[in-house]
Amino acid sequence: MITFQGVTSARGPLVAGAMDSEWGPGAHAILSAAPEGGRTLLALASGALRPRRGAVHVLGGSPTDAQVRKRVAHVTADVALPDRLRVDEVLSAAASLRGDPPTEAAARLSAWGLETLARRSVASLSRGEAKAVAVAEAFTSSRVRVVLLEEPFVTLDAEATARLAAAIRAKAGEGGAVLFSTGSLRDACAFGEDIAVLGRTGSLQRLAPGAPPFALGAVTPLAALPPTGSPHESPSRLRLALVTANPRDAESLAGHLVREPDVAGLAYSAALPAQTVVLHVEGNDLVALANAAARAAVASRVDLLQLHVEARDAAEGG
Amino acid sequence: MRLPVATAPALRMLRARSLWLALAGWTLLAVAAALSARSSDAQLGASHVLLGVFGRVVLPLMTYAIVGAAIGPRSLRASVAPLVAFGASPIAAGTGVIAVAAIASAACGAALAATVAAIAHGPGDPARAFDAAASAYAAGFGGAAYAALFALGAAFGRRGGGRAAFLFADALLGAQTGAAALLVPRGHLRNLLGGAPPMNLPEPASAVALALLAIAFTALALRRVRR
């Protein structure tokens, strides 16, 4: 459904190296080491950005083809809806452009619990509401086959997150493709059928199949404290923020992390806002680090709803 | 919404309160100037106001406000991005915005020019009805060309700041009667309203030039949107 052949772009991490990749039907996560990485990749897939070299094919054609464009929905992190229009007018315009049969906006929105927004003006929507409307438009259109989502879970509440997860599964189940970029390993594991890690230089590596899935579990105390200190000068880094009232959660996670052979360095700080422990995990290979973090998270059985993971390249700081 | 690429910018424009305030302000200024000319029994009252306050100030700035309302406080590309995200082609969406702005500018300009010509009509001006119709035709062409120029300006800069630069360039180049005045609407509009022609062009040639400028500015703006 989505094919990149030797693609480079004029901006973002794809400047350095050509990308070859392919995504078929299903839910696919892009875990991006640099925030602009996923944005660039999705913009290329949607046709909003033209490749400097190489070719992008979506649904068998160029993403800028009129017929392809109507069947691709691209929801950016900072959604821009046509201003000064009401939400129902926005959905009506979208349906007209995509060639959807005319449907009451309230009916489309009600599937997402957003029917009260139908008569609101776009200008009055919060960022999260605007994003929810854009997501609802993408998933309730009968014409859309490919949905591109940039950091889809960032501004959504728990209820909207659950709805989106179900919609992603449903779209994938009916033969569509959902490609979403995220900086959160947790979101990538929870909602993606497969995960690819986009490095700072544009390299795209798939996470090893069968990587341990995240699951909720009880806390296992660990007596030994992990080593602490300054982060080392390694090329890749994961930042794990654990929000917990129990310091043993962090100790347990750190204890498992230091046993991982791919983890070259570990530093943690508990001096951040109350009940937040931040672990900086460093190594030479971001993919290996992500796998190690996933294994350690499962092994330590920390409550994963409390764990926020961000991929970073050390050269970019963070 | 059968034509969303035009409906969306039209609704955006019509619901912009600042546009209605601007239109009211520029209309009041033009009518006040016309009433002033009428009360002073000027021999060429209509020509004086049309070539002065209306042609130099009101029409460009009124069109500037109309284009700003149709595009919003952003670049032309960013303005059409929401419709493009729903499957519209950037060219169609850009054409919709520019067409809406050009039609609104031509209509408002023509109506106001006819009103000014009728109010300020002096003994030395052509017949009132003829003068009002000719002024409307000239301002209609001028308004459309200005709309295309400002839309092209809005294709530059993150917030469409090129509009202001193009307004300044029009004032600078159009004030002359040399070759540079051929490139902007002001000189041709002045010619159609009875003023000094750029490069001694006849009036019909200036009308054609305004139409060609509108097409060229639109094509360049769409090229910027498509990139």
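Which residue stands opposite A:Met19 of β2(A)? In this predicted model, that position is taken by A:Val7. The strands concerned are β1(A), residues 2-8, and β2(A), which pair in the antiparallel sense over 4 bridges. They belong to an open sheet of 3 strands in chain A. Its order is β2-β1-β4, and the pairing is antiparallel. The edge strands are β2(A), residues 19-23, and β4(A), residues 53-58. Each of these edge strands pairs on one side only. Neighbouring strands of the sheet are turned against each other by 10° on average, direction ignored.

The mean pLDDT of chain A is 77, and 76% of the residues score at least 70. Strand β6(A), residues 146-150, has the highest confidence in the chain, at 94. The lowest is found in strand β13(A), residues 307-313, with a mean of 63. Two stretches of chain A stay under 50. One is residues 210-232, for which the model has 53 contacts beyond four places in sequence. Another is residues 314-318, with 12 contacts beyond four places in sequence. Where pLDDT is low, the predicted coordinates should not be read in detail.

Chains A and B touch. The contact draws 17 residues from chain A and 18 residues from chain B. On the chain B side, the elements that give two or more residues are α1(B), residues 4-14, and α4(B), residues 76-85. The largest share of that side, 5 residues, comes from α1(B). By class, the chain B side holds 11 nonpolar, 4 polar and 3 charged residues.

One helix pair links the two chains. The axes of α3(A), residues 87-98, and α1(B) come within 10 Å and cross at roughly 160°. The two helices are therefore roughly antiparallel to each other. The crossing of α3(A) past α1(B) is left-handed. From α3(A), the contact uses A:Glu89, A:Ala93, A:Ser96 and A:Leu97. From α1(B), it uses B:Pro4, B:Thr7, B:Ala8 and B:Leu11. These residues divide into 5 nonpolar, 2 polar and 1 charged.

The axes of α5(B), residues 90-119, and α9(B) come within 9 Å and cross at roughly 140°. This crossing is right-handed. On α5(B), the contact is made by B:Pro90, B:Ile91, B:Gly94, B:Thr95, B:Ile98 and B:Ala102. On α9(B), B:Ala214, B:Thr218, B:Ala221, B:Leu222, B:Val225 and B:Arg226 take part. The contact of α5(B) with α9(B) has 8 nonpolar, 3 polar and 1 charged residues.

Helix α6(B), residues 128-153, packs on α9(B) at an angle of about 25°, with the axes 8 Å apart. That angle makes α6(B) roughly parallel to α9(B). Here α6(B) passes α9(B) in a left-handed crossing. Residues of α6(B) in this contact include B:Phe141, B:Gly142, B:Ala144, B:Ala145 and B:Leu149. Among those they meet in α9(B) are B:Ala207, B:Leu210, B:Leu213, B:Phe217 and B:Leu220. The residues of the contact of α6(B) with α9(B) divide into 15 nonpolar, 2 polar and no charged. B:Ala214, B:Thr218 and B:Ala221 of α9(B) take part in the contact with α6(B), and they also take part in the contact with α5(B).

Terms used. Residues numbered from 1 in each chain as written. Chains lettered and ligands numbered in written order. Predicted model: local features only at pLDDT ≥ 70, side-chain atom pairs only at ≥ 80, totals over all residues. Contact = placed C-beta atoms within 7 Å. Nonpolar A, V, L, I, M, F, W, Y, C, P; charged D, E, K, R; others polar. pLDDT = per-residue confidence, 0-100. Axes fitted to C-alpha atoms, helices over the stretch in contact; angles between N-to-C directions. Parallel < 35°, antiparallel > 145°, perpendicular 65-115°, else oblique. Left-handed = near helix turned anticlockwise from the far one by under 90°. Pairing = 2+ DSSP bridges.
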